[in-house]
Amino acid sequence: MIVVKLGTGVLRSQNDGLNRGVFVSVLKQIAQLRAQRIDVVVVSSGAIHSARVSIARHTSTRMLKELSEPALASVGQPLLMQEWIAAGFSLTPPLFVAQVLPTDASISNRHEWHNSAQVIFDCLKHGVVPIINYNDPLSFAAIELLLKQATDNDKLTADFAPHIGAKAVMFLTEAGGVHDGHPANGGTRLYQEIDWRNPPFLEESGASHGRGGMKAKVVFAI
């Protein structure tokens with residue numbers, strides 16, 4: 001089993017919306033892996049970004065400024081899932097997706113996490129792709145902390161992947177690899193391989209559109 005985490009930057013289109021082509025491409029590759037008996041679970045960011053873009057297009061900027069981050073996540077989550085659903089139905093045969101919204105509490109609660117894991121395994125058994133996202137509307141205290149650390153879905157991926165027996169975790173980003181600084185600044189080093197026993201120093205550099213950063217991904221991967 002593989003867990004694939006997609007950052008907001010990967011899912012964005014050039015006009016700042018969501019790029020349907022990326023969703024379709026990811027699900028096509030998952031279908032190919034399933035044919036090789038390799039299960040894939042997706043951790044998808046993009047809910048808050050989806051809400052911001054949609055609200056900016058269809059209503060006043062006042063609402064956008066006044067809605068809290070958890071409320072934006074609540075607005076954006078169905079918009080994000082619409083993209084995954086539409087992408088799955090565009091394939092032949094169609095690929096169904098399922099929504100799973102854990103929290104730190106549900107992962108740490110043995111009974112609740114057992115139930116969630118069983119749902120994930122049942123979906124995989126029948127060819128349904130689980131789409132995981134942090135349940136921000138239920139985690140007000142956690143989201144405030146995670147906003148400061150910029151690591152919500154990165155942390156979620158690292159926390160739950162071992163619980164479902166994942167053999168590998170892939171972090172897909174717009175950066176093209178692990179740099180020791182923000183690649184937009186130039187002069188950064190690109191690492192092809194990192195020794196977990198002696199990880200490099202990486203600058204704090206949050207993503208421009210999501211809440212993740214390369215340092216967070218390396219920390220949680222290690």
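How many helices and strands does the secondary structure of the protein chain come to?

## Overall make-up

The model is predicted. Its protein chain has ten helices and seven strands. The chain has 222 residues, and 44% of them count as buried. The accessible surface is about 12000 Å², with 53% of that area belonging to carbon and sulfur atoms.

Contacts can also be sorted by separation in sequence. Taking contacts between residues at least 6 apart in sequence, 71% join residues at least 24 apart.

In soluble globular proteins, nonpolar side chains tend to be buried together. In this model, the largest nonpolar core has 24 residues, and those with the most contacts inside it are L6, L11, L27, V42, W84 and V129. Two or more residues of this core come from each of β1 (2-6), α1 (8-11), α2 (20-35), β2 (40-44), α5 (69-89) and β4 (129-132). Helix α2 gives the largest share, six residues.

W84 shows how separate parts of the sequence meet. Beyond its neighbours within four places in sequence, W84 is in contact with L6, L11, F23, V26, L27, V42, S44, V97 and I131. Another core, of 15 residues, lies apart from the largest one and includes L124, Y134, A161 and I164.

## Helix α3

Helix α3 covers residues 47-58, twelve residues in total. At 1.5 Å a residue the helix should span 16 Å, and its end C-alpha atoms are 17 Å apart, so the two values agree.

The buried residues of α3 are A47, I48, H49, S50, A51, V53 and I55. These buried residues pack against α1, α4 (61-66) and α5.

How values were computed: Residues are numbered from 1 along each chain as its sequence is written. This is a predicted model: local features need pLDDT of at least 70, side-chain atom pairs count only at pLDDT 80 or more; totals for chains, interfaces and linings use all residues. Side-chain values use heavy atoms; hydrogens and water are left out. A nonpolar core is a set of buried Ala, Val, Leu, Ile, Met, Phe, Trp, Tyr and Cys residues joined through side-chain atoms within 4.5 Å. Buried means under 20% relative accessible area, exposed over 50%, partly exposed in between (1.4 Å probe, protein chains only). Helices (H or I, at least four residues) and strands (E, at least two) are DSSP runs, numbered from the N terminus. Contact means heavy atoms within 4.5 Å. Accessible areas come from the Shrake-Rupley method with a 1.4 Å probe; for residues, only the protein chains shown count as cover. The expected span of a helix is 1.5 Å times one less than its number of residues.
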